[in-house]
Amino acid sequence: MKHVKQVPMGRFVKSVLNEKWLVAANPNLDYSREDPTGLILLDSGGRRVGKVLDVLGPIENPLLLVEPLTREEPRGDVFLEMPRIGRKRGGKR
């Protein structure tokens with residue numbers, strides 16, 4: 001079974017480029033090691049609100065370009081949905 005970890009990511013900034021979003025990203029993460037492209041953003045209620053298309057800007061102030069999955073812009077913090085692969089239990093089969 002897959003488990004999901006929520007990583008605090010940042011806040012919605014504005015809509016751009018024909019209904020895409022800019023999200024101010026967490027500058028403490030190393031985006032070259034852990035690329036969030038293709039991962040899902042969740043709102044504070046755990047609802048899926050967008051898919052990360054790209055990381056933009058300088059490393060001191062990164063932005064995420066996001067494809068919305070809802071019509072409503074998120075309010076407050078957004079979180080990155082990080083799938084964790086559970087370990088298998090039991091022996092060889």
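Predicted model: local features only at pLDDT ≥ 70, side-chain atom pairs only at ≥ 80, totals over all residues.
**View 1. The loop between β1 and β2 holds Leu-17 and Asn-18.** β1 covers residues 2–16 and β2 covers residues 20–25, and Leu-17 is placed in the loop between these two strands. Asn-18 lies in the loop between β1 and β2 as well. Most residues other than glycine have a negative phi. Leu-17, which is not glycine, has a positive phi near 45°. The phi of Asn-18 is also positive, near 55°, and this residue too is something other than glycine. Leu-17 counts as exposed because its relative accessibility is 61%, and exposed means over 50%. Asn-18 has a relative accessibility of 74%, so Asn-18 counts as exposed by the same cut-off of 50%.

**View 2. Phe-12 and Trp-21 form an aromatic pair.** The count of aromatic pairs in the model comes to one. The pair consists of Phe-12 and Trp-21, with 5.7 Å from centre to centre and 85° between the planes. A pair of aromatic rings is described by these two kinds of value, the distance of the centres and the angle of the planes. The arrangement of Phe-12 and Trp-21 counts as edge-to-face because the angle of 85° is over 60 degrees. Phe-12 and Trp-21 are both buried.

**View 3. The largest pocket has a lining that includes Trp-21.** Rolling a probe the size of a water molecule over the atoms shows where empty space is left. The space in the largest pocket is about 200 Å³. Its lining is made up of Ser-15, Glu-19, Lys-20, Trp-21, Glu-67, Pro-68, Leu-69, Thr-70, Arg-71 and Glu-73. Two strands, β2 and β5 (63–68), each supply at least two residues of this lining. Sorted by class, the lining has five charged, three nonpolar and two polar residues.

**View 4. The second largest pocket is lined by residues that include Asp-43 and Arg-75.** About 160 Å³ of space lies in this pocket. Asp-43, Ser-44, Arg-47, Arg-48 and Val-49 belong to its lining, and so do Thr-70, Glu-72, Glu-73, Pro-74 and Arg-75.

Key:
Residues numbered from 1 in each chain as written. Heavy atoms only, no water. Helix = DSSP H or I, 4+ residues; strand = E, 2+ residues; numbered from the N terminus. Buried < 20%, exposed > 50% of the residue type's maximum accessible area, 1.4 Å probe, protein only. 1 Å grid on protein atoms, 1.4 Å probe; cavity = no way out; pocket = protein on both sides within 12 Å on 5 of 7 lines; lining within 4 Å. Points joined across faces, edges and corners; volume = space filled by probe spheres on them. Nonpolar A, V, L, I, M, F, W, Y, C, P; charged D, E, K, R; others polar. Phe/Tyr/Trp six-rings, centres within 6.5 Å; stacked < 30°, edge-to-face > 60°.
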